[in-house]
Amino acid sequence: MSLDTADPAVFPAPVPGPGGHVVLDVVVPVYNEERDLEPSVRRLHAHLRGSFPYPFRITIADNASVDATPRIAAALAEEIPEVAAVRLELKGRGRALRSVWGASDAQVLAYCDVDLSTDLAALLPLVAPLLSGHSDLAIGTRLGRGSRVVRGARREFISRCYNLLLRGTLAAGFSDAQCGFKAIRRDVAARLLPLVEDTGWFFDTELLVLAERAGLRIHEVPVDWVDDPDSRVDIVATAKADLRGIVRVGRALASGRLPVSELRASLGRAPLEVPGVPLGMTGQLARFAAIGVASTLANLLLYVLLRGMMGAIAANILALLLTTFANTAANRRLTFGVRGRAGAGRHQFQGLVVFGLGLVLTTGALALLGSPAPGAGRSTELAVIVLANAVATVLRFVLFRSWIFRARRPAADPVPEISA
C-alpha cells in the first residue's frame, strides 16, 4: 500500500497493518535509491518473516526522489502486504522519520539505512528491550565493545571524533550517535518528536540528547557493520550541519528553552530507592565531590598566587570569592540538574551566603593559627586551609541540597510497559 503526502510538516494518517495490529514499524528512508531499494527491502522482509515473532511493517519513506525510486516503492507496497510506501516532497532523513514515526500505529518504531550496512541479526536484540518496557530507545553502536566494523580509516576517524565532540560539548553518554540503526517506543516518540527541530542527519543526535537529558534509558546493541562504498553522504556538508546543530541544541539546553525538567518528571524513570539513603544523594555526592576537588585545587592555586601580593587572610578571601561563583554554577548544573537562567541570580546570592560561612571557618582557622604558631610557614597555612575547607565542604553540600537547590519537582511517573 502506498501513501502520498505533499506537506511533510503534517503527519499523514496511520497506515494500517495486517490484521489491524502492528508491533514493529521499520522505516527505510530513501533518496534516489532505484538500484538498492528492491533487493534491500526484500532481504529485510525475508529476515523479519523468518525471525521476528510479531506483526510488523516495513515503511519506505521516499524523500523526494527524482529517479525510479517512487515507482519501485509503490510496486513493492502493492506486492507485499507488510510493506507500505510514503512519499514526501521535501528531502531530509530526519523529516522522513519524524513524519512516518509520528503517524505510525506500531508499538515500536525503528529505522535502518537502505544499504543494510548493519547486520540484521541485531534487529531483534534492538527492539526486544523496548517491547519488554526495559528501555525507551535503542541504538546500534559501531563503537561499543563487541562491535565488528569494516570501513575506511577516514570515516572511522571522523565518526570517533564526532562522538568525542558530543561528549565534550553536550555531555552525551551514548557511544554512537549516527549509526543508521535505531528504535524508539511510540509513546516516547510522541513526546519527543515535536521538540526535535532538525530534519536532516543531525536528527538522530538531537533526539538522543533530548532523551538522555529527560532521564530515558537508551539501550545499546553492538553491531556488525560493513561500510557501503557507494555511500553518497556529503561528509563536509553533514559535518557543518552537525556543528550548527550542536551549537543550537547546546544553547537551547543552557537557556532552558527545552522542557527537560517536564519531560523528566513525566517520562523519566523514578529514582532508585535505597533504605537509609535519600533519593539521588549517591550521584549528587559523587558529582559534588568531583567539583569540590577541582574548586579546592583552584582555590589553593589562587591563594599561592595572591599570597605574594597580600596577607594570608586577604589572599584567602579573594581566592574563595573567585572560586565560589564557579563552584555554585557547576553544582547548580551538574550536581543538582538545574538548568536555564531562572533563579540563577538568587542561587548565586545564596551561594555567597554559604561562601560567607566557609569564609568564617577558614579565616577563623588562620586567625587561630596565628596565636599558637605566629611564625607558621606556608605549608602549615595550606594544611589548615585544607582542613577548614573540608569542614566547610560538608556544610556546603548540606545547604546546597536542603536549601539552595532543594528538589521541587514531583516524582516521576512510572513508565508503562508495552504488551507484545
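## Briefing: helices, loops and cysteines

Residues 312-330 are 100% helix and 0% strand, and their end C-alpha atoms sit 27 Å apart. Helices (H or I, at least four residues) and strands (E, at least two) are DSSP runs, numbered from the N terminus. This is a predicted model: local features need pLDDT of at least 70, side-chain atom pairs count only at pLDDT 80 or more, and totals for chains, interfaces and linings use all residues. Residues are numbered from 1 along each chain as its sequence is written, and side-chain values use heavy atoms, with hydrogens and water left out.

**Annotated spans**
- An unreviewed UniProt entry carries the annotation "transmembrane region" for residues 312-330, 351-370 and 382-399.
- UniProt positions follow the numbering used here, feature names are shortened, and annotations may be inferred rather than shown by experiment.
- Residues 382-399 are 100% helix and 0% strand, with end C-alpha atoms 25 Å apart.

**Helix 5 against helix 8**
- Helix 5 (residues 153-170) packs on helix 8 (residues 235-255) at about 10 degrees, with the axes 11 Å apart.
- Axes are lines fitted to C-alpha atoms, for helices over the stretch in contact, and angles run from 0 to 180 degrees between N-to-C directions.
- Helix 5 is therefore roughly parallel to helix 8; angles under 35 degrees count as roughly parallel.
- On helix 5, the contact (heavy atoms within 4.5 Å) uses R154, R155, I158, Y162, L165, L166, T169 and L170.
- Helix 8 contributes I235, D242, L243, I246, V249, G250 and L253.
- These contact residues divide into ten nonpolar, two polar and three charged.
- Ala, Val, Leu, Ile, Met, Phe, Trp, Tyr, Cys and Pro count as nonpolar, Asp, Glu, Lys and Arg as charged, and the others, Gly among them, as polar.

**Helix 9**
- V260, L263, A265 and L267 are the buried residues of helix 9 (residues 260-267).
- Buried means under 20% relative accessible area, exposed over 50%, partly exposed in between (1.4 Å probe, protein chains only).
- The buried residues of helix 9 pack against helix 6 (186-192), helix 7 (203-213) and helix 8.

- L116 is not a glycine, yet has a positive phi of about 50 degrees.
- L116 lies in the loop between strand 5 (108-112) and helix 4 (123-132), and is buried at 8% relative accessibility.
- A171, also not a glycine, has a positive phi of about 55 degrees.
- A171 lies in the loop between helix 5 and strand 8 (181-185), and is exposed at 52% relative accessibility.

**Cysteines**
- The model has zero disulfides, counted as pairs of cysteine sulfur atoms within 2.5 Å.
- C161 is partly exposed at 34% relative accessible area, whereas C179 is buried at 0%.

Conventions. Parallel < 35°, antiparallel > 145°, perpendicular 65-115°, else oblique.
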